[in-house]
Amino acid sequence: MSEYSILAKLFYKTQYMRKLLIGISLLGTLGLKAQYGSLNEILNRLEQRKGINQHLENVNIDNKKFVFIKDEADHTERDFIIIKGNNATYVEVFDDKATGESSSNVFTGDIVRKKNIISLRADMLENKKIPMPVTKTLLLTQQDNILYLIDVNTRDRWIDEASYSKKTK
């Protein structure tokens, strides 16, 4: 074999390898782009579930009642947040399982809303000023057309009573 034929074969092989590498890199790029699109969609859904990626500034929460129920070993706690304009009423109801007795605390105060964040400050306990107000920072979210308030500190979920009663009917 001549040197020319060896060089020609080597050149042909390098051209083939170059085309093969370019083809693999193109296919890999397309595959990554498809994976990125599906990963991005999954991340958007997860953010919406957590309430991060929702724009609910136009949702009216006036005259809404949100409910939170917590079942402990010795008692059941039912909490309500009732919003009327910029005023709010926060009610705690404790049901003792041993005696069957109920007790409640009714706090009143105000709210401040900035986009999806609602800050509750209740400084009156049954129409008497208290030195340490009850405060809650809540994130307004929506899943399956049901409004929720998620306590930013404890992750407790308050459900809109009107949405809940529609689902149970």
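**Ground rules**

The model is predicted, so local features need a pLDDT of at least 70 and side-chain atom pairs count only at pLDDT 80 or more, while totals for chains, interfaces and linings use all residues. Residues are numbered from 1 along each chain as its sequence is written, and side-chain values use heavy atoms, with hydrogens and water left out.

pLDDT is the predictor's confidence in each residue, on a scale from 0 to 100. The protein chain averages 78, and 64% of the residues score at least 70. Helix and strand names come from DSSP runs (H or I for helices, at least four residues; E for strands, at least two), numbered from the N terminus.

Now for the strands. Two of them pair if DSSP finds at least two bridges between them. Here, 8 strands close into a barrel in the order β1-β2-β3-β4-β5-β6-β7-β8, with antiparallel pairing. From one strand to the next, the twist averages 30°; that uses axes fitted to C-alpha atoms (for helices, over the stretch in contact), with angles from 0 to 180 degrees between N-to-C directions.

Let's zoom in on some neighbours. β1 and β2 run antiparallel and are joined by 8 bridges, and I69 stands opposite R78 in β2. β3 and β4 are antiparallel too, over 9 bridges, with D95 opposite S102 in β4. These two strands form a hairpin with 5 residues between them, and G100 in the turn has a positive phi of about 80°. Next along, 8 bridges join β4 to β5, where V112 has S119 in β5 as its bridge partner. Their hairpin has 2 residues between the strands, and K115 takes a positive phi near 55°.

**The core**

A nonpolar core is a set of buried Ala, Val, Leu, Ile, Met, Phe, Trp, Tyr and Cys residues joined through side-chain atoms within 4.5 Å. "Buried" means under 20% relative accessible area, "exposed" means over 50%, and "partly exposed" is in between (1.4 Å probe, protein chains only). The largest nonpolar core has 19 residues, of which F66, I81, I111, I118, L140, L149 and W158 touch the most other members. Each of β1, β2, β3, β4, β5, β6 and β7 supplies at least two residues of this core.

**The salt bridges**

Side chains of opposite charge can pair when their charged atoms come close. In a salt bridge, a side-chain nitrogen of Lys or Arg lies within 4 Å of a carboxyl oxygen of Asp or Glu. The structure holds 9 of them, including these:

| Pair | Closest N to O |
|---|---|
| K97 and D71 | 2.7 Å |
| R121 and D110 | 3.6 Å |

What does the bridge between K97 and D71 tie together? K97 lies in the loop between β3 and β4 and D71 in strand β1, so the pair ties together parts that are 26 residues apart in sequence. K97 is partly exposed at 41% relative accessibility, whereas D71 is exposed at 56%.

R121 in strand β5 and D110 in strand β4 are 11 residues apart. R121 is partly exposed, at 36%, and so is D110, at 27%. D123, by contrast, is buried at 11%. Salt bridges that share partners join D110, R121, D123 and K129 into one network.
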